[in-house]
Amino acid sequence: MLIVLQAQLLRFLFILICVTSVFAGGCSTETPIVAEEPSSSANAVDKKIESGSIAITPNSPADTVKEFYVRLREKRFREAIHLTNIRPAIEGLTDDELKEFAADFEALAKLVPAEIQINGEIIVGDRATVTAKLPFEDEEALEFQEVKLRRNGDHWVILSVDEEAEAVIKREGKNYFYSLKIETLQEEARKMLERISKAQLAFALQNDGIFADAAKLIELGYLPADIATAETTGYKYQLYLSTDRRNYYATATPRTYGKTGRLSFQLVPTATGTSQIISKDIGGEILTK
């Protein structure tokens with residue numbers, strides 16, 4: 001599954017995995033994609049490019065893809081996800097619980113263009129591939145990409161995750177979102193501590209072995225400003241300096257234990273100049289020396 005959108009816009013990679021995988025559901029190309037030749041199946045339907053777009057039939061795979069992005073852009077997030085195979089993960093969420101993910105979905109909605117250009121549709125039995133021009137690595141740029149779908153009764157479903165992940169979603173329901181959110185924020189916390197280590201090393205090399213506080217590292221652009229708040233990161237970061245500022249250690253603690261993380265982290269520099277990151281589940285407490 002390709003993860004392609006910028007992390008500073010979407011803090012939670014679970015959204016990228018679950019939803020925006022349809023942005024890169026197949027292979028991307030540098031030139032417009034002409035629908036592939038259909039298989040020999042009598043049920044195959046192949047719509048070629050006509051002036052960069054195709055005629056869209058109501059309730060068709062192409063119509064489903066278009067409707068998904070319309071709903072997403074209009075911030076009708078529950079309705080949008082109902083068109084994908086991660087539907088079981090959102091069906092159990094109350095409106096209040098859905099609001100916990102609203103900021104991330106809204107960031108995603110901003111990337112959806114006002115008009116979705118669809119230029120290819122292939123239907124083979126109960127499977128379909130739709131080619132559309134969608135956001136990729138650069139939020140300003142659109143690229144032709146493939147979206148996979150499956151027929152469910154009288155409607156089509158966008159395949160945002162593979163069969164293995166779909167089975168997990170059906171089993172875990174709404175807990176799937178929360179689990180992925182925690183895993184993602186924990187991984188980002190670990191990466192942020194690694195970034196702190198590199199920032200301190202760079203600062204010390206230029207300042208005779210003296211380390212800096214977080215505010216100074218942010219001011220110099222070595223660290224992002226959002227390290228100062230847990231609202232966007234889900235973790236509270238603290239940087240401790242010795243009196244002579246020649247030693248330091250840092251911690252990362254979940255803002256809300258069990259929701260934004262379970263692991264508490266500690267970054268400790270070593271005598272070789274590298275750093276060690278340790279983590280423990282201690283109920284959301286600060287992991288100190």
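**The sheet and its helix**

Tutor: Four strands make an open sheet in the order 6-7-8-9, paired antiparallel. Strands pair here if DSSP finds at least two bridges between them. Helices (H or I, at least four residues) and strands (E, at least two) are DSSP runs, numbered from the N terminus. The edges are strand 6 (235-241) and strand 9 (275-280), each pairing on one side only. On average, neighbouring strands of this sheet are turned by 15° against each other, direction ignored.

A word on the basis. This is a predicted model, in which local features need pLDDT of at least 70 and side-chain atom pairs count only at pLDDT 80 or more, while totals for chains, interfaces and linings use all residues. Residues are numbered from 1 along each chain as its sequence is written, and side-chain values use heavy atoms, with hydrogens and water left out.

Start with strands 6 and 7. Seven bridges pair strand 6 with strand 7 in the antiparallel sense. Tyr235 stands opposite Pro254 in strand 7. The two strands form a hairpin, with six residues between them. In that turn, Arg245 has a positive phi of about 60°.

Next, a residue inside strand 7 (residues 248-254): Thr251. Thr251 counts as buried because its relative accessibility is 0%. Buried means under 20% relative accessible area, exposed over 50%, and partly exposed in between (1.4 Å probe, protein chains only). Contact means heavy atoms within 4.5 Å. Leaving out residues up to four places away in sequence, Thr251 touches Leu193, Lys236, Tyr237, Gln238, Tyr240, Phe265, Gln266, Ile286 and Leu287.

Strand 8 (residues 264-269) and strand 9 run antiparallel, joined by six bridges. Phe265 stands opposite Ser279 in strand 9. Helix 8 packs on the sheet and touches strand 6, strand 7, strand 8 and strand 9. The direction of helix 8 makes about 25° with that of strand 6. For such angles, axes are lines fitted to C-alpha atoms, for helices over the stretch in contact, and angles run from 0 to 180 degrees between N-to-C directions.

Finally, the helix itself. Helix 8 (residues 175-206) has 32 residues. From first C-alpha to last, helix 8 reaches 47 Å, close to the 46 Å expected at 1.5 Å a residue. The expected span is 1.5 Å times one less than the number of residues. Asp208 follows helix 8, with a positive phi near 55°.
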